[in-house]
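Trainee: I would like to learn how to read individual features of a model such as this one, moving from single contacts to the sheet and the core. Could we go through them one at a time?

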Amino acid sequence: MTLGRRFLHNSLKAATSTYDIDYLIQAGGGGGGARRGAGAGAGGLKSSFGSSGGGASALSDLTLTTGTVYTISVGGGGSGAAAGTSTHGAKGTNSFISGSDITTITSTGGGGAPSTATSLADITASGGIWNGGCGAGGGGYHVCSTNGIGETVTQNHGNGTAGQGFDGGQGVKQHNGGGGGGGGGGGTSSAGTDNSGCTNNYYGGSTRAGGSGTSISITGSSVTYGAGGEAKNGISGNNNGGGSQAANTGNGGRGNAETAGVNYGGEGGGSGVVVLRIPNANFSDTFTGSPNKDTTSVSGFTILKFTGTGTYTG
C-alpha cells in the first residue's frame, strides 16, 4: 500500500469507528380514569442496563458510529380522564432513539384508563387506548359476559407489551348497590391488582394497587421507572385535583373514587425519560436538547439524561 493510500485507508477507518453505550428508554405513562376509574398503565421500559420491563432481561448495548447524529424523543404522560362516569384517560406517548445506522428502539406509551361506565367502542378505539407498554386497569370491565353498561366484551383490562411491561388488573361489575370500580394499572415490574370481577361490592370496593416499577442504576444510583397507577375505589378520597404523576418517571396516573371522580376526573401520567451512559473515551460532547450531563456519578462514564427531544452525535 502506497503512503497516500495508507493515509486514506486510516482516515476512513477513523471516520467510521464505532463504540458501544448503555441506554434506558422509558415511555410516558397513561392517564387515570375518573369516577370509580381504573389506574393507568405505566409507559413501557427498554434498557441495556439492569433489566427491561415486563420481566425481560437487559437488551444488548447500542453500537454508535462516530460522527453520526442520533435522535432522542421523550414521550409525554397521557392526560387524566375528564370528570364523569364514561370518560377515559389518554394513552402515554412513545419514547425512542433513532439514527441512520441503527434500528429505531421504541418504548410504548402506557394505556389510558377507563372509568366505571366507559364504552367498549371508546376504550378499544385506535388499536386499544387501554393497551400500551403497560396495560390500564379494567374500570367496569370484568370476567362476566357483559360490562357495566350491558355490552358483551372479551377483554377486561388493558394489555401490556412483551418485553416492556405488564397487564392491568380487571375491574368489577356494576350493580344496584353502587358497584363498579377499577383495577390497578400495570407496571414495568408486575401486573396491576385485580378488582373483584363478578362479585358485588360497594362503590368499587377497596383501593387496588398499580403494578410495581423497575429499579435500575444506570445513572449510578437506583431509580424506579414505570409504576402502574392506583385505582382509588370507594366513595371518598381524591387521587387527582388536576395533577399528574412526577415528571420523567413514566408512571401511570391514578384513577379516582366515586365523589372525586365526578368532580375532578383522573390523574395524568408521568412523562418518560431517555438515559445514555457513554464511555468517557468515546464521548463526543456534541448534543442538543439540553439534557442533563453528569460526569461524576459513574467513574469512566458520562451520563446524558434527556427529558425532552434532542440529539447526540457519536
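Trainee: Which residue lies over the face of F301, and at what distance from the ring centre?

Mentor: In this predicted model, the residue over the face of F301 is R277, at 4.8 Å from the ring centre.

Trainee: How should I describe a pair of aromatic rings, and how many aromatic pairs are counted here?

Mentor: In general, a pair of aromatic rings is described by the distance of the centres and the angle of the planes. Here the count comes to one aromatic pair. The pair is formed by F283 and Y312, which are stacked, with 6.0 Å from centre to centre and 5° between the planes. Because F283 lies in the loop between β9 and β10 whereas Y312 belongs to strand β13, the pair ties together parts that are 29 residues apart in sequence.

Trainee: Are F283 and Y312 buried or exposed?

Mentor: F283 has a relative accessibility of 17% and therefore counts as buried, since the cut-off is under 20%. Y312 is also buried, with a relative accessible area of 1%.

Trainee: How do strands of a sheet pair, and what is the order of strands in the open sheet of five?

Mentor: Strands of a sheet pair through backbone hydrogen bonds, either parallel or antiparallel. In this model the open sheet has the order β6-β5-β4-β13-β10, and the pairing is antiparallel. Its edge strands are β6 and β10, each of which pairs on one side only.

Trainee: How many bridges join β4 to β13, and how many join β10 to β13?

Mentor: Strand β4, residues 69-73, is joined to β13 by four bridges, while β10, residues 287-288, is joined to β13 by two.

Trainee: Which way do the residues of β13 point?

Mentor: G310 and Y312 point one way from the strand, T311 and T313 point the other way, and all of them are buried.

Trainee: Which residues have the most contacts inside the largest nonpolar core?

Mentor: That core has 19 residues, and those with the most contacts inside it are L62, I72, I97, V274, L276, I278 and Y312. At least two residues each come from β1, β3, β4, β6, β9 and β12, and β1 gives the most, with four residues.

Trainee: What can be read from residues in loops, for instance from G255?

Mentor: G255 lies in the loop between β8 and α3, and with 0% relative accessibility it counts as buried. Its C-alpha atom is separated by 4.6 Å from that of G39, although the two residues are 216 residues apart along the chain.

Trainee: Where does H157 lie, and which residue's side chain does it join through a polar contact?

Mentor: H157 lies in the loop between α2 and β7, and at 18% relative accessibility it counts as buried. A polar contact of 3.5 Å joins its side chain to that of N159. Not counting residues up to four places away in sequence, H157 touches several others, among them W130, A136, D167 and Q170.

Methods
Residues numbered from 1 in each chain as written. Predicted model: local features only at pLDDT ≥ 70, side-chain atom pairs only at ≥ 80, totals over all residues. Heavy atoms only, no water. Buried < 20%, exposed > 50% of the residue type's maximum accessible area, 1.4 Å probe, protein only. Pairing = 2+ DSSP bridges. Phe/Tyr/Trp six-rings, centres within 6.5 Å; stacked < 30°, edge-to-face > 60°. Lys NZ or Arg CZ within 6 Å of the ring centre and 35° of its normal. Core = buried A, V, L, I, M, F, W, Y, C linked by side-chain atoms within 4.5 Å. Polar contact = N/O pair within 3.5 Å; in protein donor to acceptor, adjacent residues only side chain to side chain. Contact = heavy atoms within 4.5 Å.
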